[in-house]
Amino acid sequence: MDAVGVAPCQALTSLYSVIKWPDSLSEHPLCLSASPLLLQHPPLSSEPPSLCLSPSRVLISMANLLLTLSLWLLAGSHFVRATYYRHHRYIPHFYRYREHTANTDNLLPDVSNPVPEVTQSGGSTNQEIPEVFHPAPESVHPMPEVFHHVPEVVHPAPESYLPPQVHHPAAPVPPFSSRVFYGIMFDAGSTGTRIHIYKFIQKDPVELPVLDSEMYHAIKPGLSEYKYNPEEGGNTIRQLLKIAKKTVPEEEWKRTPVVLRATAGLRLLTEEQAEGILKEVREVFEESPFYVPINSVSIMNGINEGVLAWVTVNFLTGHLYSNTRRTVGILDLGGGSTQITFLPKSKKTIETAPSSYTARFSLFNNTYELYTHSYLKNGLIAARLATLGALGADGLDWKVFTSPCLPKKYRAEVTFGGNTYKVSGIPDGYAGYKLCYYEVQRVIKGIFHQPYEVKGTNVFYAFSHYFDRANETGLISERGGTVEVRDFKKKAKEVCNKMTKYRPISPFLCMDMTYITCLLKEGFGFKDSTVLHLAKKVNNVETSWALGATFDFFRNFNIH
Ligand SMILES: Nc1nc2c(ncn2[C@@H]2O[C@H](COP(=O)(O)OP(=O)(O)O)[C@@H](O)[C@H]2O)c(=O)[nH]1
């Protein structure tokens with residue numbers, strides 16, 4: 001024992017000499033039986049294989065043991081600390097360590113943190129609704145909460161996608177485990193009601209969902225035709241909901257929002273008539289198995305109609321959130337109203353526009369100020385009636401409205417907005433492009449504002465009736481294409497001067513093509529050489545405000 005345990009402590013004897021041990025301990029030796037293991041070792045002395053120490057030696061040994069232990073502990077702690085700093089001396093590790101501490105304590109990010117706003121808004125506003133859309137290029141929008149990658153199916157372009165803020169706290173929350181969710185948007189237009197069922201995929205819980213596909217179906221006539229019979233109108237919605245039930249898997253119904261936005265058709269009705277229809281739609285929605293959010297059924301204003309169509313088209317063409325901020329303008333020719341929307345390159349465009357012709361909204365952390373306007377009663381069908389002098393002439397059931405834009409022998413009844421009008425060509429008079437142009441001019445002149453920039457290099461996408469008429473007259477195929485404004489004029493002349501040939505397509509073709517020509521040239525002020533991209537779909541998704549409205553539902557763009 002001396003050699004093994006006590007000897008190393010000899011140097012510390014002076015330390016122990018100051019300790020006064022109790023007398024009793026100094027009189028009785030303490031014995032520890034040697035374990036079998038110890039017995040295997042050769043004895044260090046001739047003493048028996050047990051360890052007996054006098055009390056004073058026991059005390060000294062215990063003190064030595066304690067001292068040895070504390071020395072080892074002291075050395076150990078120095079070693080550990082030295083190892084820790086060696087390991088964490090690199091700045092990134094150090095910061096990581098600090099961040100971890102902050103998170104553990106549930107602290108808010110430091111005020112000086114360069115990204116707290118995004119982090120906070122992403123965290124608080126998007127808890128309930130999935131942000132639908134794109135991945136932004138990292139260099140520009142590193143915050144995943146804000147943007148999304150463009151769905152591959154829909155967007156071959158590398159640009160990113162949208163993300164507004166959620167203003168629907170009551171909406172159901174797809175859990176992160178769910179990889180697919182849906183949104184149903186009804187477009188209640190003046191000439192028909194359409195259902196758009198969007199399927200989104202949450203590919204990664206960190207990334208924002210992406211648009212996977214769209215199911216589209218249309219039904220005629222529009223809800224405004226049911227102003228005297230809202231229940232019948234409700235039945236058209238029921239029919240379209242059946243398609244939704246077939247498209248959306250049953251287990252998703254309860255959390256799939258169903259929304260309807262009405263446009264010009266309902267805007268043109270009296271408040272009472274429109275409300276009667278909307279109330280009926282709400283009831284139909286309530287009896288459906290889908291999620292019915294607050295404000296799920298309403299009339300959309302013209303500004304939103306233009307802006308949300310712009311969002312759709314720029315999303316589908318990959319222009320949203322691109323580094324260049326290059327975007328395309330949109331031209332939408334509905335039945336009751338027509339919209340023009342674009343992002344001006346020149347400040348003068350906004351400065352010279354009436355204040356109600358501009359709209360601001362936020363998207364991808366950017367604020368856009370667009371030139372946008374919706375001309376009510378200047379949609380293609382409303383314009384037909386206006387050209388004939390029939391629009392608003394309710395109660396004149398006996399009157400036949402005539403026009404040189406119609407085939408001379410044509411006679412028919414036309415229904416729009418729940419009213420029926422008798423129309424005809426001029427049997428003994430003249431018909432043709434020039435006379436027709438003169439007639440349609442009256443519907444446009446003095447009404448349209450020509451934006452400062454429209455004669456410039458902006459690229460415009462035109463759809464709805466622009467597409468339909470260009471397709472019917474052979475200007476473009478079903479797949480779409482580009483035309484110059486002068487192509488509409490050329491084709492209008494041809495159609496008007498050969499009315500018999502084109503009558504089977506539509507007796508209104510001359511009037512429609514002439515109206516489109518006049519609208520583009522004298523209404524908006526486009527040059528003959530302006531190139532228009534005509535598209536019904538882009539990447540298999542309908543070019544309509546409906547997709548933009550779905551995004552706006554999930555994340556409020558705050559359009560104002
Ligand atoms: N393919 C397609 N065409 C549409 C869609 N929405 C509107 N349209 C076209 O636009 C035309 C008139 O739109 P409508 O909504 O009735 O007119 P509005 O009420 O004045 O906006 C329709 O006849 C269609 O040709 C859509 O989602 N897909």
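1. Strands β5 and β6 make a hairpin, with four residues between them. Strands here are DSSP E runs of at least two residues, helices are H or I runs of at least four, and both are numbered from the N terminus. The model is predicted: local features need pLDDT of at least 70, side-chain atom pairs count only at pLDDT 80 or more, and totals for chains, interfaces and linings use all residues. Residue numbers start from 1 along each chain as its sequence is written.

2. β5 (residues 180-188) pairs with β6 in the antiparallel sense, over nine bridges. Two strands pair if DSSP finds at least two bridges between them. Phenylalanine 181 has phenylalanine 200 of β6 as its bridge partner.

3. β6 also pairs with β7 (residues 210-219), antiparallel, over nine bridges. Histidine 196 stands opposite tyrosine 216 of β7.

4. Strand β6 (residues 193-201) is largely enclosed by the rest of the structure, because eight of its nine residues are buried. Buried means 20 or more other C-beta atoms within 10 Å of the residue's own, with C-beta atoms placed from the backbone.

5. The ligand has 22 residues around it; Gly189, Thr191, Gly334, Ser464 and Ser544 come nearest. α9 (264-267) and α15 (465-472) are the elements that give two or more residues to this shell.

6. By class, the shell around the ligand holds 15 polar residues, five charged and two nonpolar. Asp, Glu, Lys and Arg count as charged; Ala, Val, Leu, Ile, Met, Phe, Trp, Tyr, Cys and Pro as nonpolar; the others, Gly among them, as polar.

7. Helix α18 (residues 509-523) is mostly covered, with 13 of its 15 residues buried. Glycine 525 follows α18 and has a positive phi, near 85°.

How values were computed. Buried ≥ 20, exposed ≤ 12 C-beta atoms within 10 Å, placed from the backbone. Near = placed C-beta within 6 Å.
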